[in-house]
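Subject: Handover of a structure

Dear colleague,

Please find below the structure that I am handing over to you, with its sequence.

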Amino acid sequence: MRRLLMLLPAALSLVAKRAARRPLTRRYLNRLFLTAEEAKAPQLTLDVDDRRAEHVKKIIWRGAPPPNATLRVGVLDGGAADCAASLDGQGRLMLELPDGLATPATRPRLDVILALPAPLRLKRILPMLTSLGVDNLWLCGAQRTERSYFGAKFLEGLKRDSVPRAAPAGKLRDLLVEGAEQSGDGALPKVALAGSLRPALRAAAENDYALRLAAHPDRGEGFEALDDATGAMTEVPRARRLRDLVEGADAGGKAVLAVGPDRGWEEPAELLALRRHGFDLVTLGPRTLRTDVALVSMVALVQDWLES
């Protein structure tokens, strides 16, 4: 017991050091993003303890900068370029910024309606959506969504309506920036927190889409589900593969993708609502997939078609 008590201070010190580490310094920055204010001057000096400067010195340069060092820089929702970089005598990172960083970023041509997942899973999803490229993101409720998810602390800064806006400063925006730093593209999704699916569908209806898709498992031909509104069995439209739905669609246009909760959209009510708003049911097969798996898979497929 005495030996354990002697080791306790060292153990507590180790735990405290690990807890004090900033997780943002551990991710790989494939582009250093600056604020619009930082990019106004032709030269920018980042302090020694700036996480971007720390990352460059420890991860990219691993100590001293190479001769004629350059770094990939950009402005969030702005332009991107390479710039000359060096360290001054105090170890601060000095950047020679090129012109054009204030140019607005090209917006992605994919919008997403997402039934709000559990907060921990949403934190993993948001950086991936930014990396893959999403313009407007509607987070909405669904019949199979836990209402407690709307109380997540990092969503507190969002207004409860269907108007996508730039994410406010805080954890939510940090997660989006993380995805931008990974992909090197500074276009951050605009986010709306809609209370239910209906206002999100109404907001999306105001846009002209070449493709409207709602992800759902393939239930087979002639599948019926009980309609609670009428008490009658109603046939559920069969979902089809993306390759069948894109025939004749304009790949130069814009697309919107709706992805439901882990248990899928409510059959048939929510599926029929999606169909009334012009959505085609798209499937990856008969398996019911987790939200994050279905979302990332479908976003990647649709983005590949848009860029083909």
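In what follows, two residues are in contact when they have heavy atoms within 4.5 Å. By that criterion, and leaving aside its neighbours within four places in sequence, leucine 155 is in contact with Leu116, Leu122, Leu139, Tyr149, Leu172 and Leu193.

This is a predicted model, in which local features need pLDDT of at least 70 and side-chain atom pairs count only at pLDDT 80 or more, while totals for chains, interfaces and linings use all residues. Residues are numbered from 1 along each chain as its sequence is written, and side-chain values use heavy atoms, with hydrogens and water left out.

**Nonpolar cores**

A nonpolar core is a set of buried Ala, Val, Leu, Ile, Met, Phe, Trp, Tyr and Cys residues joined through side-chain atoms within 4.5 Å. Buried means under 20% relative accessible area, exposed means over 50%, and partly exposed lies in between (1.4 Å probe, protein chains only). The largest nonpolar core has 44 residues, of which Leu114, Leu139 and Leu155 touch the most other members. Helix H8 (residues 291–306) gives the most to this core, with 7 residues; helices (H or I, at least four residues) and strands (E, at least two) are DSSP runs, numbered from the N terminus. Another core, of 25 residues, lies apart from it and includes Cys140, Ala194, Phe279 and Leu281.

Glutamate 267 is found in the loop between strand S12 (255–259) and helix H7 (269–276). Is this residue, glutamate 267, buried or exposed? Glutamate 267 is buried, with a relative accessible area of 12%. Not counting residues up to four places away in sequence, glutamate 267 touches Arg144, His216, Arg219, Phe223, Ala225, Leu226 and Val236. Two of these partners also meet glutamate 267 in polar contacts (a pair of N or O atoms within 3.5 Å; within protein, one must be able to donate a hydrogen and the other to accept it, and residues adjacent in sequence count only if both atoms are side-chain atoms). The side chains of glutamate 267 and histidine 216 are joined at 2.7 Å, and those of glutamate 267 and arginine 219 at 2.6 Å.

**Salt bridges**

The structure holds 18 salt bridges, each being a side-chain nitrogen of Lys or Arg within 4 Å of a carboxyl oxygen of Asp or Glu. In one of them, glutamate 181 pairs with arginine 51, with the closest N and O atoms 2.8 Å apart. Glutamate 181 lies in helix H4 (residues 171–183) and arginine 51 in helix H2 (residues 51–60), so the pair ties together parts that are 130 residues apart in sequence. Glutamate 181 is buried, at 1% relative accessible area, and arginine 51 counts as buried at 18%.

Lysine 254 and aspartate 135 form another salt bridge (2.7 Å, N to O). Aspartate 135 counts as buried, at 8% relative accessibility.

Arginine 238 and aspartate 218 also meet through their side chains in a salt bridge (3.0 Å, N to O). Arginine 238 counts as partly exposed, at 39% relative accessibility. Finally, salt bridges that share partners join Asp77, Arg107, Asp111, Asp135 and Lys254 into one network.

With kind regards
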